[in-house]
Amino acid sequence: MKQNRKALYLSLVLLLSIAGFYNCTEQKRTSSDPRGAAYAGSATCRKCHQPEYDAYSKTAHFQSTREASEAYLKGSFKPGTNRFHYNDSTYIEMQQRDSGFYQAVYRNGEEREAHRFDIVFGGQHAQTALYWNGNRTFELPLSYYTAATRWGTSPG
């Protein structure tokens, strides 16, 4: 009798563990995160680790890194305040397009390349942005400097 109860208890623990693991990884499989399905994201962790998530979400580190959106971008994208000139023939222009916000490089008035703002970090003194290329991130060439209220070369 004692052996049957022990086997039942172990089976129940195993079943609950499998169900819990499935619940925590389900969002991972359906994630639209640009890092791919292998990245679970903080919302997935929150399901099983609410106290840790709540504590971390109040930290400066958590709040300083965000998806690039109009609500979080610091610099201006308006004509007259959205360009940084390297020389007479080369400049970068910050642009809002249908698919997001971009830094576009122009040489002799012709666009050579453009990269979308995907992630922004910082913001108190300066804000720098990254863009995705495949499964890797790259720093955009310009950052916004809060005290100067203008765009300048990124620190990296």
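Thr-149 sits in the loop that links strand 9 to strand 10 (150–153). This is a predicted model, and in it Thr-149 has a positive phi of about 50°, even though it is not a glycine. Is Thr-149 buried or exposed? Its relative accessibility is 57%, so it counts as exposed, the cut-off being over 50%.

With a relative accessible area of 64%, Asn-108 is exposed.

Now for the loop between strand 1 and strand 2, which is where Asn-82 is found. Which residues does Asn-82 contact, once neighbours within four places in sequence are left aside? They are Ser-76, Phe-77, Ile-92, Glu-93, Met-94 and Trp-151.

Ala-68 belongs to that loop as well, between strand 1 (65–67) and strand 2 (83–85). At 11% relative accessibility, Ala-68 is another residue that counts as buried. Setting aside neighbours within four places in sequence, Ala-68 is in contact with Leu-73, Phe-117, Asp-118, Ile-119 and Val-120. The chain also brings Ala-68 and Arg-116 to 9.0 Å from each other, C-alpha to C-alpha, although 48 residues separate them in sequence.

In soluble globular proteins, nonpolar side chains tend to be buried together. In this model, the largest nonpolar core is made up of 16 residues. Those with the most contacts inside this core are Leu-73, Phe-77, Met-94, Phe-117, Val-120, Leu-142 and Trp-151. Which strands each supply at least two residues of the core? Strand 3 (90–97), strand 4 (100–107), strand 7 (126–133) and strand 9 (142–145) each do.

Trp-151 is worth a look of its own. Not counting residues up to four places away in sequence, Trp-151 touches Gly-75, Ser-76, Phe-77, Thr-81, Asn-82, Phe-84, Met-94, Gln-103, Phe-117, Leu-142, Ser-143 and Tyr-144. That list includes Phe-77, Met-94, Phe-117 and Leu-142, which are among the residues with the most contacts inside the core.

Note on methods: Residues are numbered from 1 along each chain as its sequence is written. This is a predicted model: local features need pLDDT of at least 70, side-chain atom pairs count only at pLDDT 80 or more; totals for chains, interfaces and linings use all residues. Side-chain values use heavy atoms; hydrogens and water are left out. A nonpolar core is a set of buried Ala, Val, Leu, Ile, Met, Phe, Trp, Tyr and Cys residues joined through side-chain atoms within 4.5 Å. Buried means under 20% relative accessible area, exposed over 50%, partly exposed in between (1.4 Å probe, protein chains only). Helices (H or I, at least four residues) and strands (E, at least two) are DSSP runs, numbered from the N terminus. Contact means heavy atoms within 4.5 Å.
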